[in-house]
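The sequence and structure come first.

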Amino acid sequence: MAIPRFWREIPSRYNLIGTKCGSCGKVDFPPREICPDCGRKSLGKMHSFRLSGKGSLVTFAVVHDAPAQLEMQKPYVVGIFEMDEGVRLTSQLISVEPGDVKIGMRVQAVFRKLGQQGEAGVIHYGYKFRPSL
Ligand SMILES: [Zn+2]
């Protein structure tokens, strides 16, 4: 039976754990079973790899309409971040006013509540980024 994708990804969402290819050294996030560059050569050579959480902002957008179930301030900033390991992630940029956001600024991953579903309260956690100090 297939494990729902969301549950499978929890450990990697929570710890920023990706994979590193034992053949070419490429880092991927979320984790992969096969290296996109090496294909079958990488089978059995993929290792868990914890990202440092440090990187820089590649591009961003200011979002004015947040979905109701996400308890977010409006407007908020969504960015594409390039990690120092070479992986790109999309997430929210927090702790900065939209007008102060600059492409290329250094960022650090932090873990935050992403939202809550229904009254039973399934709480989703994940990574966001804030400017590094
Ligand atoms: Zn590879």
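What pattern does the protein follow when read along the sequence? The pattern is α-β-β-β-β-β-β-β-β, and the protein has 1 helix and 8 strands. The model is predicted.

The protein has 133 residues, of which 17% count as buried. Among contacts with a separation of 6 or more, 49% are accounted for by residues 24 or more positions apart.

An open sheet is formed by 3 strands in the order S2-S1-S3, with antiparallel pairing. S2 and S3 are the edge strands, each pairing on one side only. Between S1 and S3 the antiparallel pairing runs over 5 bridges, and Lys 20 stands opposite His 47 in S3. The residue ranges of these strands are listed below.

| Strand | Residues |
|---|---|
| S1 | 17-21 |
| S2 | 27-28 |
| S3 | 46-50 |

Two loops hold backbone details. In the loop between S2 and S3 lies Pro 30. The peptide bond that leads from Phe 29 to Pro 30 is cis, and its omega is near -5°.

The other loop, between strand S6 (88-93) and strand S7 (106-117), contains Ser 95. Ser 95 is a residue other than glycine with a positive phi, near 65°. Is Ser 95 buried or exposed? Ser 95 has 12 C-beta neighbours inside 10 Å; a residue with 12 or fewer is exposed, so Ser 95 counts as exposed.

Definitions and conventions
Residues numbered from 1 in each chain as written. Predicted model: local features only at pLDDT ≥ 70, side-chain atom pairs only at ≥ 80, totals over all residues. Pairing = 2+ DSSP bridges. Helix = DSSP H or I, 4+ residues; strand = E, 2+ residues; numbered from the N terminus. Buried ≥ 20, exposed ≤ 12 C-beta atoms within 10 Å, placed from the backbone. Contact = placed C-beta atoms within 7 Å.
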